[in-house]
Amino acid sequence: MNSFIQVQNAEMVFSTRKGRFHALREIDLDVAKGEFVTLIGHSGCGKSTLLNLIAGLLLPTSGVLLCDNREIAAPGPERAVVFQNHSLLPWLTCFENVHLAVERVFGAKESRTALKQRTDAALELVGMAHASAKRPHEISGGMKQRVGIARALAMEPKVLLMDEPFGALDALTRAHLQDELLKIVARTHSTVVMVTHDVDEAVLLSDRIVMMTNGPAATIGEILSVELPRPRHRVELAEDSRYVHYRKEVLDFLYTRHGHVESQAA
Amino acid sequence: MVSAVFHTPLQASMDAKADAAANLKAAKAAVAEPLKPVPPPRPGFDWNGLLLKVLPPLIGVALLIGIWALLTMKSETFPTPLATFDAAVKLFADPFYSKGPNDQGIGWNILFSLERVAVGFGMAAVVGIPMGFMIGRFEVLNRMVSPLISLLRPVSPLAWLPIGLLVFKAANPAAIWTIFICSIWPMIINTAVGVQRVPADYLNVAKVLNLSEWKVITKILFPAVLPYMLTGVRLSVGTAWLVIVAAEMLTGGVGIGFWVWDEWNNLNVKHILIAIVVIGVVGLLLEALLISIAKRFSYDEHH
């Protein structure tokens, strides 16, 4: 397999005030180029930690992470992150927020007009061209998240890392943005690793669903390949027997085999 | 009314009630009707709102002056409001006269004080704000300096004056030194707190984008810290204005603080009262100025 991101036997131990906390153990994962992988699990299972490891925001206690055969030692623009709470800078306009990223990645090689075009194109891609002069507090949560995605895509990253990007949105906005994301990914052939706790979202978007066991010392429990043809339409899929089957598989893993997380955590 | 003949009293009373209710409804409708169509935004001035805003403070001031007038009615030593007002009119008729170093108009005195404040406070900002940034950014420095700040901050401004006199051997630099040392703390502390409170998300963005240190400072740290910094500046200016009056009383020269002391020596209580009001007004204006600056630079953050 042409694996693009490789996680080899990664362990993550946090040293907290209360002592050592073993978050992740024996994580092995390969993500192919152009693949859409979601990480799903109950809260506290370390899925965000795994994403942060791939982003380079955290370094593993042991084990190796590779991106395009190079060790991940620090964050970098080739692994763009879409944060859960959009993380747009409130004192910059949408345009400036995206431009900051564009300038960093392409500033050395390209002219000012080219940078501006890239920024405009990225905002166009997520349907936010009309709001480019607005500041984040002037637009809705869904729009902020779109701009966050535009900022990430504008860097033309090798991998798009998304940490529950739609978690804070209402159901309708979320569905809409999922559809948009499907279209964008189909167009850009991006490699995506996305953290979610939404089963439908995982099945709808993913090529593979990585299901994680409960923490502490969480690991990958199972990986489910979703072999649904693309483009996918949520309404048609709702009655598709394969979709229902995949959905049940994930639910079964999360609630039958690895349920009652609260009682374990407490 | 023929039908009324057949009504039993009970029915009649019920009818009457119904009638009344209907009337009431009609009345309500009549009242509500002119309101119902949403009135177009009236360009007319909101006199009521202005009155409510302006009236209470005016009453407060009037009350204070009234009490003052009552208390000084039979006093020989303490001037009445009217006498003070007359003196103020004379004083402000020519605020910028100059008859030698010890007899200058009140305008000059205020300007000289403001100049000292500006110099002392300006130097404090130049030193304090970068220092706050450093303290906020580097934990070791924070631990090193925090106890010193806690120790020195509560020291009375005037305790610093002898040090200034000793080092600079002149009154004016000593006064400026006192302003400097007293107004530096709020700026250091607020800037440092601002730096420490920059949301981790923004710094993560900086890391993922791999921004240069310069971009991190100009695009993320500085705008994020600015509101905190301006709070520090505002507090500092307040302190500086507070301190200058006391410092000038001791050091002399031209300045509002010295002027108060001079008038005390002349036993001109009216002028002292005027000076108190003037000091208050100037302090208020400084504060208002800085609040307006702070408003301009603060960003709205609603998630």
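In what order do the 6 strands of the open sheet in chain A stand? The order is β6-β7-β8-β3-β9-β10, and the pairing is mixed. The model is a predicted one. This briefing covers that sheet, a helix lying across part of it, and a helix pair in chain B.

**Sheet of chain A**

- The edges of the sheet are β6 (79–82) and β10 (220–225) of chain A.
- Each of these two strands has a single partner strand, so one side of each lacks a neighbour in the sheet.
- On average, and with direction ignored, neighbouring strands of the sheet are turned by 20° against each other.

- β6(A) runs parallel to strand β7 (residues 159–163) of chain A, and 4 bridges join the two.
- Ala80(A) has Leu160(A) of β7(A) as its bridge partner.
- Helix α4 (residues 141–154) of chain A lies across β6 and β7 of chain A.
- The direction of α4 in chain A is at about 180° to β6(A).

**Helix pair of chain B**

- Helix α6 (residues 161–168) and helix α7 (residues 171–196), both of chain B, have axes that come within 8 Å and cross at roughly 135°.
- The crossing in which α6(B) passes α7(B) is right-handed.
- From α6(B), the contact is made by Leu161(B), Gly164(B), Leu165(B) and Phe168(B).
- From α7(B), Pro173(B), Ala174(B), Trp177(B) and Thr178(B) take part.
- By class, this contact has 6 nonpolar residues, 2 polar residues and no charged ones.

How values were computed:
Residues are numbered from 1 along each chain as its sequence is written. Chains are lettered from A and ligands numbered from 1 in the order in which they are written. This is a predicted model: local features need pLDDT of at least 70, side-chain atom pairs count only at pLDDT 80 or more; totals for chains, interfaces and linings use all residues. Axes are lines fitted to C-alpha atoms, for helices over the stretch in contact, and angles run from 0 to 180 degrees between N-to-C directions. A crossing is left-handed if the near helix is turned anticlockwise from the far one by less than a right angle, and right-handed if clockwise. Two residues are in contact if their C-beta atoms, placed from the backbone, lie within 7 Å. Ala, Val, Leu, Ile, Met, Phe, Trp, Tyr, Cys and Pro count as nonpolar, Asp, Glu, Lys and Arg as charged, and the others, Gly among them, as polar. Two strands pair if DSSP finds at least two bridges between them.
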